[in-house]
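Here are my notes for your first look at this one. Have the model open beside you and go through the points in order.

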Amino acid sequence: MADLRRTGLFDLHLELGGKMVPFAGWEMPVQYPMGVMGEHQHTRAHAGLFDVSHMGQVILRPPKGGTVADAARALEALVPVDVIGLGEGRQRYAMFTNEDGGILDDLMVANRGDHLFLVVNAARVGHDVAMMRGRLGEGVTVELISDRALLALQGPEAQAALERIVPEVAEMRFMDVAVLPVSGGDVWVSRSGYTGEDGFEISVPEDEAEGFARALLAMEEVAPIGLGARDSLRLEAGLCLYGSDIDETTSPVEAGLTWAIRKARRKGGARAGGFPGATRILGELEDGPARKRVGLAPEGRAPMRAGTEIFDGDEKVGEVTSGAFGPTLGAPMSMGYVAAGSAATGTRLTGEVRGKRLPVEVVDLPFVPANFKR
Amino acid sequence: MKFTEEHEWLRVQGDVVVVGITEHASEQLGDVVFVELPDEGTVVSKDDEIVVIESVKAASDILAPLDGEIVEVNEALTDNPGLVNEDAMGEAWFFKMKAEDLSQMDEYMDEAKYKDMIG
């Protein structure tokens, strides 16, 4: 697979029997011998270790003599999120928006005292870094981290496993971030993830990453998990995949991400608007969007995958953006956009699968309740 | 037993041909989560798409290997699609068909040739 990048754990993936596939310009494990279903179940029951080193780790530093609030203020011009109000040692979900109110990428932002730490999607690293360098304004430096791996340890036994190496993580709550010393350097830990489970994302110096991963994998609770299970886990958790469920044509309000837009940035808030696409986004917050992202539960066992057209009676009202079988749910599950008039929970619609219109019901997300340590 | 390039196996049993997919195919598919079978009594032509298999990865079709009539389908797969991963060559047969012309089977591979093909 020419021209694909490899993470620092590539050899370890091969040793573990990982089946490597191209993903966002990287050669990544889609599954290990346990298989997607087994890896999914293992993560929900114990702890799964994911290599997410392909994601972009970015540090935003304020201008010389400035504070983290200066970097936060600059970032607020690109996201509809309250970054200034984000406390030290805390992390928040955000999205870059465009002038049309669409989503350019979704990301995590952490306040680490004197700077911000961002994690962005692999496929959007180049775009995001170039955009921030061009638009954050004078003095804010955008540093793309290239010498650290990023691991995610997810599942109800994630803390029990990780605290054997980094005891301080036991004190962290959901969405806390911390820089913690280990032998060989610091690890940057956040108590978060993208599976709906309790867990951590851990940024490790590249030289230490393989040893760190091996130490975790040696524990009984921990198994390596590939992209296949990562996708079914996040879909059960009702979480969006950038490029599938959200993109430049979907607004955060249509996507149901309004919880990420706090009072301060809404109409009447202390820093209302002031981000790209504010007119559309604030308008949709007031009046409601024309279409909404919803959970869709097919009645039979046939999965309705991305691209499946959704009908209300004879009228096409939307399309599936992600669909798969939910191993924990024990049933097929989809999400997608439908016209607002067809989006109420319990609405019975049909989805066209191989020429047949099959019944599907609008349901609340997530499909599987989250299990965070609040 | 005969094998197709589409990774189906065919076994003559009395006056019907039993059809399933190979273990190799089931491994490639990954965990199977849904199987849609044809109706019993359906008359099919060779290469008609008659079974849909959905795995955790994707949907794929199984083609009718012969001209003939579907006389029985394996309902156990509807309730337990995972059977395909557990016992592809045995319990997880898909359908039995009455072939119009059994000589159509001659073009398919024997086990040794199939093994060569999958390497």
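1. Start with A:Arg265 and A:Glu76, whose side chains meet in a salt bridge at 3.7 Å, N to O. (A salt bridge here is a side-chain nitrogen of Lys or Arg within 4 Å of a carboxyl oxygen of Asp or Glu.) The two are 189 residues apart: A:Arg265 sits in the loop between helix H7 (227-236) and helix H8 (278-287) of chain A, and A:Glu76 in helix H3 (residues 68-76) of chain A. Helices (H or I, at least four residues) and strands (E, at least two) are DSSP runs, numbered from the N terminus.

2. Before going on, a word on the ground rules. This is a predicted model, where local features need pLDDT of at least 70 and side-chain atom pairs count only at pLDDT 80 or more, while totals for chains, interfaces and linings use all residues. Residues are numbered from 1 along each chain as its sequence is written, chains are lettered from A and ligands numbered from 1 in the order in which they are written, and side-chain values use heavy atoms, with hydrogens and water left out.

3. The cut-offs: buried is under 20% relative accessible area, exposed is over 50%, and partly exposed is in between (1.4 Å probe, protein chains only).

4. That pair belongs to a network of salt bridges linking A:Glu76, A:Asp82, A:Arg92, A:Arg265 and A:Arg271. Over all chains, the count comes to 32 salt bridges.

5. Now look at A:Glu299 and A:Arg348, a salt bridge with its closest N and O atoms 2.7 Å apart. A:Glu299 lies in the loop between strand E14 (291-298) and strand E15 (309-312) of chain A and A:Arg348 in strand E18 (residues 348-353) of chain A, so the pair ties together parts 49 residues apart in sequence. A:Glu299 is partly exposed at 47%, and A:Arg348 is exposed at 52%.

6. Over in chain B, B:Lys115 and B:Glu111 form a salt bridge at 3.3 Å, N to O. They are 4 residues apart in helix H4 (residues 111-118) of chain B, so about one helical turn separates them.

7. Chain B also has an open, antiparallel sheet of 3 strands in the order E4-E6-E7. (Strands pair if DSSP finds at least two bridges between them.) Its edge strands are E4 (32-36) and E7 (59-63) of chain B, each pairing on one side only. Strand E6 (residues 49-55) of chain B is joined to E7(B) by 5 bridges, and B:Ile53 stands opposite B:Ser60 in E7(B).
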